[in-house]
Structure formats: C-alpha cells, structure tokens
Amino acid sequence: MKGDRVEIVVDAGDTTRTYEVVASRAGRRVETAVRRGVVEVSEVTRNGSVVRTARFMANRVLALVEQPVPREDSSEKPLREDPKS
C-alpha cells in the first residue's frame, strides 16, 4: 500500500544510522525477511516482483520498525463497546 514504511536502525561502529524503505507508488507494499543472518527489506509490486531491496547484517540491526498506513478496510472493525454502559 502506498505509504507503507519500514525504518531500519543499524549500528555503524561509533554511531547509528537510520534507513527507510517506503512503498512509493499505489499498489506497492514493503516486506521484511530475515534469512541466514541477513535482514532484507523489499518494496514489492502487486504481482510480487521486487522493485528494490535493502540488505543489512542481522547482528548490526538494532531496530526494525514497520509503520503501515492505516487501512480503510471494513475487515478491521473496532472493538465492541460494553453494552452495560
């Protein structure tokens, strides 16, 4: 979904660096995967083809923050209010 964003905070020796991967167009999403000690964050199209990928060594990643765009979807309904009140 356009606007989905993942922030990656990486240990760069004496300091930290922050990187962002953002779904730049409508219909794209951001996916994360951890494989063989590598964290991959990819921007993916509707078809599943990868547009771009950022790779980081897992032992250097301090934080991985996923920030999805709030969906206007009817499948996510708010919690029911207590009928007693």
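**Close-up views of a predicted model**

**View 1. The largest nonpolar core.** Eleven residues make up the largest nonpolar core here: Val 6, Ile 8, Val 10, Val 21, Ala 23, Val 30, Val 39, Val 41, Ala 54, Phe 56 and Val 61.

**View 2. Around Ile 8.** Which residues does Ile 8 touch, once those up to four places away in sequence are left out? The list runs Arg 17, Thr 18, Tyr 19, Val 21, Val 41, Phe 56, Val 61, Ala 63 and Leu 64.

**View 3. The β3-β4 hairpin.** Strand β3 (residues 29-35) lines up with strand β4 (residues 38-44) in the antiparallel sense, and seven bridges join the pair. Look for Val 30 and you'll find Glu 43 of β4 standing opposite. Two residues sit between the strands of this hairpin, and Arg 36 takes a positive phi near 50°.

**View 4. Arg 5, Glu 7 and Glu 20.** Zoom in here for a network of salt bridges that links Arg 5, Glu 7 and Glu 20. Between Glu 7 and Arg 5, the closest N and O atoms are 3.2 Å apart. Buried or exposed: what is Glu 7? Glu 7 is buried, with a relative accessible area of 19%, while Arg 5 is partly exposed at 29%. The structure holds eight salt bridges.

**View 5. Glu 31 with Arg 29.** Over on β3, Glu 31 and Arg 29 form a salt bridge, with their closest N and O atoms 2.9 Å apart. Both partners count as partly exposed: Glu 31 has a relative accessibility of 36%, and Arg 29 comes in at 30%.

**View 6. Glu 40 with Arg 55.** Here the side chains of Glu 40 and Arg 55 meet in a salt bridge, 3.0 Å from N to O. This pair ties together distant parts of the chain, as Glu 40 lies in strand β4 and Arg 55 in strand β5 (residues 50-57), 15 residues apart. Glu 40 is buried, with a relative accessible area of 19%, whereas Arg 55 is exposed at 56%.

Terms used. Residues numbered from 1 in each chain as written. Predicted model: local features only at pLDDT ≥ 70, side-chain atom pairs only at ≥ 80, totals over all residues. Heavy atoms only, no water. Pairing = 2+ DSSP bridges. Helix = DSSP H or I, 4+ residues; strand = E, 2+ residues; numbered from the N terminus. Salt bridge = Lys/Arg side-chain N within 4 Å of Asp/Glu carboxyl O. Buried < 20%, exposed > 50% of the residue type's maximum accessible area, 1.4 Å probe, protein only. Core = buried A, V, L, I, M, F, W, Y, C linked by side-chain atoms within 4.5 Å. Contact = heavy atoms within 4.5 Å.
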